[in-house]
Amino acid sequence: MATTANKGLDQQAYNANVNTWGIGPLNTNFGYIDLALGGSTLLNATGLGGTTVALTASQCIPLTISVSGAPGGVVTYTVPSGVGGQWVIRNGTSGGYAIRIQSLAGGSYVSIGTGVNGDRKSTRLNSSHGYIS
């Protein structure tokens with residue numbers, strides 16, 4: 001089954017899954033859309049530092065990525081290549097270290113300082129095209 005470019009939602013073929021409202025791909029898509037509009041991925045950076053952590057495609061579906069814990073240094077989280085979207089990144093860690101968000105495809109990163117949250121800093125990243133703003 002074909003999927004959308006950014007969030008991997010199923011794209012139904014004409015006359016596919018006839019009479020299956022309430023089950024299957026349609027409800028799965030609505031769950032993903034709900035996460036993309038208001039869900040959160042919670043990450044714990046305790047013990048990490050000078051480390052790069054690869055996020056999964058499913059961790060990148062929610063709107064908000066919240067990082068907590070006590071890292072031992074800067075932690076870089078990478079968004080998989082081919083995953084696009086807009087996220088609010090919240091750095092709720094202790095210890096004064098920044099959190100970085102970068103596309104696995106490379107390019108620049110966004111650094112989010114300790115205590116910075118979506119009210120003051122949002123991150124736009126399109127991993128399919130390798131840009132962050």
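**Figure 1. Surroundings of Thr76 in the predicted model.** Beyond its neighbours within four places in sequence, Thr76 is in contact with Thr51, Thr52, Val53, Arg100 and Gln102. The structure shown is a predicted model. Thr76 belongs to strand β6, which spans residues 75–79. Its relative accessibility is 9%, and because buried means under 20%, Thr76 counts as buried.

**Figure 2. The four-stranded open sheet.** The strands of this open sheet follow the order β4-β6-β8-β9, and their pairing is mixed.

**Figure 3. Pairing of β6 with β8.** Strands β6 and β8 run parallel and are joined by five bridges. Within this pairing, Thr78 stands opposite Gln102 of β8, and Val79 has Ser103 in β8 as its bridge partner. Strand β8 comprises residues 99–103; four of its five residues are buried, so the strand is largely enclosed by the rest of the structure.

**Figure 4. The hairpin of β8 and β9.** Strand β9 (residues 109–112) pairs with β8 in the antiparallel sense, over four bridges. Arg100 is placed opposite Ser111 of β9. The two strands form a hairpin with five residues between them. In the turn, Gly106 has a positive phi of about 100 degrees.

Figure 5. Strand β3 (residues 40–44) has a covered face consisting of Thr41 and Leu43. The uncovered face of β3 carries Ser40, Leu42 and Asn44. Strand β3 runs parallel to strand β5 (residues 64–68), and five bridges join the two. Asn44, on the uncovered face, stands opposite Ser68 in β5.

**Figure 6. A nonpolar surface patch.** Phe30, Ile33 and Leu37 form a nonpolar patch on the surface. Together, these three residues present about 320 Å² of accessible area. Phe30 lies in helix α1, which covers residues 25–38.

Methods
Residues numbered from 1 in each chain as written. Predicted model: local features only at pLDDT ≥ 70, side-chain atom pairs only at ≥ 80, totals over all residues. Heavy atoms only, no water. Buried < 20%, exposed > 50% of the residue type's maximum accessible area, 1.4 Å probe, protein only. Contact = heavy atoms within 4.5 Å. Pairing = 2+ DSSP bridges. Patch = residues over 30% accessible without salt bridge, like charges linked within 9 Å, V, L, I, M, F, W, Y side chains within 5 Å. Areas by Shrake-Rupley, 256 points an atom, 1.4 Å probe, with all protein chains shown as cover. Salt bridge = Lys/Arg side-chain N within 4 Å of Asp/Glu carboxyl O.
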